[in-house]
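Okay, thanks for making time, everyone. Let me put the structure up and we'll walk through it together.

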2 protein chains.
Amino acid sequence: MTQTSAADEVARRPRIVIIGGGFGGLTAAQGLARAEADITLIDRRNHHLFQPLLYQVATAVLSPAQIAQPIRTIVRNNANTRVVLDDVTGIDLEARIARTTQEGEVPFDYLIVAAGASHDYFGRDDWSAFAPGLKSLEDATNIRRRILEAFERAETAATQEERAAYLTFCIVGGGPTGVEMAGAIAELARRTLRGEFRRFDPADTKVILIEGGPRVLSSMPDSLSGKAHRGLEKLGVTVRTGKMVTNCQPDRIELGEEAIACRTIIWAAGVRASPAGNWLGAEQDRAGRVIVGQDLSIPGHPDIFVIGDTAAVFTQKGIPVPGVAPAAKQQGTFVAELIATRLSGGDTASRRFVYKDQGNLATIGRSQAVVHMGRLKLSGTLAWWFWGVVHIFFLIDFRNRISVLLDWLLTYLTYGRGSRLITDPPRPKGPDIT
Amino acid sequence: MTQTSAADEVARRPRIVIIGGGFGGLTAAQGLARAEADITLIDRRNHHLFQPLLYQVATAVLSPAQIAQPIRTIVRNNANTRVVLDDVTGIDLEARIARTTQEGEVPFDYLIVAAGASHDYFGRDDWSAFAPGLKSLEDATNIRRRILEAFERAETAATQEERAAYLTFCIVGGGPTGVEMAGAIAELARRTLRGEFRRFDPADTKVILIEGGPRVLSSMPDSLSGKAHRGLEKLGVTVRTGKMVTNCQPDRIELGEEAIACRTIIWAAGVRASPAGNWLGAEQDRAGRVIVGQDLSIPGHPDIFVIGDTAAVFTQKGIPVPGVAPAAKQQGTFVAELIATRLSGGDTASRRFVYKDQGNLATIGRSQAVVHMGRLKLSGTLAWWFWGVVHIFFLIDFRNRISVLLDWLLTYLTYGRGSRLITDPPRPKGPDIT
C-alpha cells in the first residue's frame, strides 16, 4: 500500500512499473537504468529465463540454473530500480495502480506489460495433464522427468505392448521447439542411453513429430524445412505433417481415426498470451494478445505499453511480428527510449515501432541445424556451430556462458548428458494415472 | 513376478538383490561387478547422490545435477547388474522375495539392504512442515527456495517486525550439516546478496545455530570445535549451545521459555534409519537402525545383510560406527567380498567387519574449515583447501568434478552463486501457512 500526500506528489519522480522480467521487460528496465524515475520490476519468478535453450533442460543436457539468472542480480546496479517477486492480479487503469498479491497496490505513471505467454490447447485444456508444454523451468523439469521415467518404466513393463508404448514419444507441433525436442529425444535414446537397460534396446525408441501444416519450421524457406525434415528422419524421428491431433490421453494420442499408443506427449503447438489483455480491458486477438498501436501503447492510454509475447504487433507490411526473443528485446528498447524521451520533455508523437527481422535458426541434432538470415541460408555442421555461438553469446551471464560451453563440449565428446535427474516422485503405474 | 521350475533352479545363477544406490549399495554393486550372479539394484531414485555436498545445493552454490549421477550410468558396464527404479514395500524372509511397486516380486538368494536414513524429529513429526531436513535433492531445492524466498518476502514485508522475522534463519543441530548450512547462509546474505535489495541491507540477516549439546561438531576434538565456533561467529552466525528446541512453528522457534521470531528453520538434528528394520522384522536401535552381527548379516539369516545408515554397527571397542560415506562404502566393499567368496565356495565364517576411521572434516565458510584425521588437526585456509580437494576427488563422475570445480572457482572469485533459483510456486503470505 502506498499513501501519497499532495506535497509528495509534487516532489516525487515519475513511477514506472514493468510487469515481467523476460526479454521484453528486462530490456526495458536496462534501457531506463539511468532515467530520472522510480522503476518497479515485478515478476512471479525470481529469475530471467533464457527460453531458447529451455528444450535442453527438458532433455537433460543442461541444468535449470545454467539458463536462468536472478533478475535482481542483473539489475543490481540500476539504482532507480526495485525488483519485486510478486503476482499481478489486476490493473486499475483509472487509479493507475497495479494490484498484486504481496505489495497490494503499486501505483504507476507509466506501465509496461511484458507478461509473456503460456500454452494454448485450442479449447482442450484437459489435454494439458497428458501433454505438457514447455514455457517455464518447472515445465522443463516436469518433461525431463516424464521422458526419463518412460525409459525406466519400459525396463519394468510387464508386456511388450506396454514397453512399446513407454518407448513412444509424440511431440505435437513442428515449430522450432517441436523440432528441437524431437531431435534431442531421438539422440538421447540412440546415443546417451545406449547399453544402460537390460530388457530393451533404447535404439528401438519411436519419436514422432506431429505437425498440422504441410511442413515443419513453416517460418523458414521451403528448402530449409526440407533439410530439417530429412535431418530429423536421419536421427530416427518419424515426421507426420498435415496431421491434426484430435485427442490426447494418458496412454495414446489420436489423429482422427488413427490412435498411437504412447505414454509421453509433449505439446509444442499453441501459444496463448498472458491474461494481461483482460486486466487492461483492451482488445485482444484470438491468441489473447493485446492489440497495440504503432508506438506499442494501448488505445486511449498513451502511457500504458504492451510488449513481447503479450502484444499483437505488426510490421509495416501488416505481417505479425513473431513471438521471439529479438522481437521482445527490440520492443523493450523502443518503449524505454520513448519513455525516456517523454521524461526529458521530448515529443514522441511520431514514434512508431519498426521490427528488424534478425533471422531464424533451429537445431536438429548433433552437427545439424538450419539458419535463415536475410538471403543467407545455412544448414548442416556450419549452421550448427553458428547456432551454438549465437546462443552462447546471448546468454546473459558470464558464468552461465562458460558453464553451458563446458557442458556442450562434454556432451559433444561423450554423448553423455549432464542433468539426467528424476527429481519428483515417480508417477504411479497404470494407464489411468499420469 | 517370477516363476521358476525345478529345472531352472538348478541352472540359474545366484540372485543378489541390493536395495539402495547410495554409497553402501553402489559400492557393493561395484564390488560384485564380476561375480557369477544376477544382481538387481533397486532404488526409489534414478540417481546416486553425493550427500556431503547437498548443503551447497540448498544454499544455491551448486545445481542438483552437479552432485548426482544416474545409477544405471555408473554400473552400465556391469553386465551382471540390472538397475530398477522402484519402491520396496516389504521383504518376505521365508520366500526370499522383495516386494516392490513396479516389479511386484523380486526373488533373491542374497540380499543387501542399504536403504539409508531420513530425518528424525524425536516424536514431533508435525515440525517437519516448518523445519525441513536435508537428505534428498528435493529437500535441498525446497530449502533453497525457502531461504531465497525469505529474502524476497523481506523486501515486500509490511512491517519491520515481519521483515526481521524473514531475515532470521535458525538451524537446529550443530553437526557438520548444521555448521555448513549456517556458514553458507551467513555468507550468502553478507556477500552474495549485497546491494540487491532496496528495503533492507542483507548484512542485517541473523543466522542462529542451535545445538543441544555443549559444543558444535561434537565428534571432533575440543580445540577444533572451538575453532569452528569462533569461525562461525566471525561470519556473523550466533551459536547457541546447550539449547533444546521445544517447539517449531511457521513464525517462530521456541527454546523453552524463549521464543525467536523467524520464518525459516532448517532441521539438521536427528537421523532415523529407513523402515528396513520393520521389513526384516529384525531388532532395531532407538534410531530405527537394524542391529547386525559382526559380518553385517542379521541374526538367523546369514545371506541377508544391512549396511550404511540403515545398520547399527559397532567398532571393536563398542563405539558406534558413524553414519558417514566412508563407513557405508567400507561396509559395501566388505559385504561384496564376503558374498563373492561364498559364491566361489570359500568359507566366510570368521569374517568380521572392521571400521577404519578416515577422519572428519567440515567447512565453515570461505577459506575456513576444520579437519581431524588420526593425529592430524587442521583448521583455516589449509584445511579448507584440503576439504575441497577431498570432495572433488570423491565425486563420482568426471563431468561433475570439473563442473563443481568451475563453479567453486567462480564463486570464490565473484562471491556469486551459480544456482539462485526459486523453482516452485512462492509460498502464500501470512504466518499460518508455509
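So, a question to start with: does H2(B) pass H10(B) in a right-handed or a left-handed crossing? Have a look while I remind you that this is a predicted model. Right, the answer: H2(B) goes past H10(B) in a right-handed crossing.

Let's stay on that pair. In chain B, helix H2 covers residues 23–31 and helix H10 covers residues 325–343. Their axes come within 7 Å, and they cross at roughly 35°. If you zoom in on the H2(B) side, the contact is made by Phe23(B), Gly24(B), Gly25(B), Thr27(B), Ala28(B) and Gly31(B). Over on H10(B), the residues include Ala325(B), Ala328(B), Gly332(B), Val335(B) and Ala336(B), and also Lys329(B) and Glu337(B). Sort that contact by class and you get 6 nonpolar, 7 polar and 2 charged residues.

Now hop over to chain A. Here too, the axes of H2(A) and H10(A) come within 7 Å and cross at roughly 35°, and the crossing is right-handed. Among the contact residues are Phe23(A) and Thr27(A) from H2(A), with Gln331(A) and Thr333(A) from H10(A).

Okay, zooming out to the two chains. How does chain B superpose on chain A? You need a rotation of 180° with 0.0 Å of shift along the axis, and the RMSD is 0.0 Å. That's the relation of a two-fold axis.

What about the interface? There are 41 residues of chain B in contact with 41 residues of chain A. On the chain B side, the elements giving two or more residues are strand S4 (68–70), helix H4 (71–74), strand S5 (81–85), helix H5 (137–156) and helix H12 (398–414). Which of them gives the most? That's H5(B), with 6 residues. By class, the chain B side divides into 14 nonpolar, 13 polar and 14 charged residues. And 100% of the interface residues of chain B are also interface residues in chain A, so the copies meet through the same surface.

Last bit: the overall build of a single chain. Chain A has 12 helices and 25 strands. Its radius of gyration is 23 Å, close to the 22 Å that the globule rule gives for 434 residues, so chain A is as compact as a globular protein of that length. The C-alpha atoms of chain A fill a box of roughly 75 × 50 × 45 Å along the principal axes.

Chain A is also divided into two pieces: domain 1 takes in 6–44, 86–119 and 271–343, while domain 2 is 125–269. Their C-alpha centres lie 36 Å apart.

That's my tour. Over to you.

Methods
Residues numbered from 1 in each chain as written. Chains lettered and ligands numbered in written order. Predicted model: local features only at pLDDT ≥ 70, side-chain atom pairs only at ≥ 80, totals over all residues. Least-squares fit on C-alpha atoms with pLDDT ≥ 70 in both. Contact = placed C-beta atoms within 7 Å. Axes fitted to C-alpha atoms, helices over the stretch in contact; angles between N-to-C directions. Helix = DSSP H or I, 4+ residues; strand = E, 2+ residues; numbered from the N terminus. Left-handed = near helix turned anticlockwise from the far one by under 90°. Nonpolar A, V, L, I, M, F, W, Y, C, P; charged D, E, K, R; others polar. Domains from an automatic or database assignment. Rg over C-alpha atoms; globule rule 2.2 N^0.38 Å.
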